[in-house]
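Hello,

Here is the structure I promised to pass on. Please have a look when you get a moment.

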Amino acid sequence: MNTTEPKERKFLRPIALLLSVLLGVPFFSGCSSQRSSAPLPPVDDTRGGSQTYPAPGNQPQAKKGLSTKQKVAILAGAAALYYLYNKHKNNQAQGAQGKYYLSKNGRVYYRDAQGRPHWVTPPPGGIQVPESEAQQYRDFQGYNNRSTGRDLTNLAPSQAQ
């Protein structure tokens, strides 16, 4: 009887085991609960249609401290953003009521609890501010609904701090 016995393949089983482990590593590493330390992308609230601030008719600020004889100025656009930035730049809270930052591209943003930046948009009807307080914003676009003036991109870093 001519029977041929298969040759022993010593390395076949360990190689199969090694390949199985190597193919399983990406799957198991993807399931880990370890968070990446990479910064999260910014959130642009202007695209979603949500407002950070209430509509002008609902602003308690317009009624607070203003009498009928006191003159007010309307701050919109860049003037409103710079006003909001100055009002919130030293706050210690988080989120929309927390600290505001002035970006290099002239936009104002705040960071949420996860550290993601949210761009701030001025209310569509502007912000009513006492005229004495609004005088420092008279050179900016949006002061009393003016379309001309400075924007926030040309602010010197020393002024933005």
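Predicted model: local features only at pLDDT ≥ 70, side-chain atom pairs only at ≥ 80, totals over all residues.

Residues are numbered from 1 along each chain as its sequence is written, and side-chain values use heavy atoms, with hydrogens and water left out.

The structure holds 7 aromatic pairs (rings of Phe, Tyr and Trp, the latter by its six-membered ring, with centres within 6.5 Å; planes under 30 degrees apart are stacked, over 60 edge-to-face, the rest tilted). One of them is the stacked pair of Tyr82 and Tyr85, at 6.1 Å centre to centre and 15° between the planes. Both residues lie in helix α4 (residues 77-88), 3 residues apart, or about one turn of the helix (helices are DSSP runs of H or I, at least four residues; strands are runs of E, at least two; numbering is from the N terminus). Tyr82 is buried at 9% relative accessible area, and Tyr85 is buried at 3% (buried is under 20%, exposed over 50%, partly exposed in between, with a 1.4 Å probe and protein chains only).

Tyr82 and Tyr85 also belong to one aromatic cluster with Tyr83, Tyr137 and Phe140.

Then there is Tyr109 with Trp119: their ring centres are 5.6 Å apart and the planes stand at 75°, so this pair is edge-to-face. Because Tyr109 lies in strand β3 (residues 108-111) and Trp119 in strand β4 (residues 117-119), the pair ties together parts 10 residues apart in sequence. Both Tyr109 and Trp119 are buried.

Best wishes
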